[in-house]
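Reader: I would like to learn how to read the features of this model one at a time. Please give the general idea before each case.

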Amino acid sequence: MPRLECNICGRKISVPKCCDQSMLIKDAILCCCSDTCHHQEIPKCCGEQMKYT
Ligand SMILES: [Zn+2]
Ligand SMILES: [Zn+2]
């Protein structure tokens, strides 16, 4: 299961899903299926963007 992880404190969260698939992590979190789906900012933890693992 893909996750986002904080390099500093090690907190992990699941990558959100859209259209029944895990969303893509680029400069934002995107749905792979459609531009019309919602997208969201990469979450931050400890003042830095969380990293895709
Ligand atoms: Zn979608
Ligand atoms: Zn953190």
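Reader: What percentage of the 53 residues in the chain do buried residues make up?

Author: Buried means under 20% relative accessible area, exposed over 50%, and partly exposed in between, with a 1.4 Å probe and protein chains only. Here buried residues make up 23% of the 53 residues. As to conventions, this is a predicted model in which local features need pLDDT of at least 70 and side-chain atom pairs count only at pLDDT 80 or more, while totals for chains, interfaces and linings use all residues. Residues are numbered from 1 along each chain as its sequence is written, chains are lettered from A and ligands numbered from 1 in the order in which they are written, and side-chain values use heavy atoms, with hydrogens and water left out.

Reader: How many helices and strands does the chain have?

Author: Helices (H or I, at least four residues) and strands (E, at least two) are DSSP runs, numbered from the N terminus. This chain has nine strands and zero helices. Its C-alpha trace spans about 35 × 20 × 10 Å along the principal axes.

Reader: What is the arrangement of the four donor atoms around the zinc ion (ligand 2)?

Author: Four donors count as tetrahedral if all angles lie between 85 and 135 degrees. The zinc ion (ligand 2) is coordinated by SG of Cys6, Cys9, Cys45 and Cys46. The angles among these four donor atoms are 104 to 117 degrees, which makes the arrangement tetrahedral.

Reader: How are the donor residues of the zinc ion (ligand 2) spaced in sequence?

Author: The spacing is C-x2-C-x35-C-C. Cys6 lies in the loop between strand 1 (3-5) and strand 2 (12-14), and Cys46 in the loop between strand 7 (44-45) and strand 8 (48-49), so this pair ties together parts that are 40 residues apart in sequence.

Reader: Is Cys6 buried or exposed?

Author: Cys6 counts as buried because its relative accessibility is 3%. Cys46 has a relative accessible area of 44% and is therefore partly exposed.

How values were computed:
Donors = N, O, S within 2.8 Å, 3.2 Å for Na, K, Ca; no water. Tetrahedral: all angles 85-135°; square planar, octahedral: opposite > 155°, others 65-115°.
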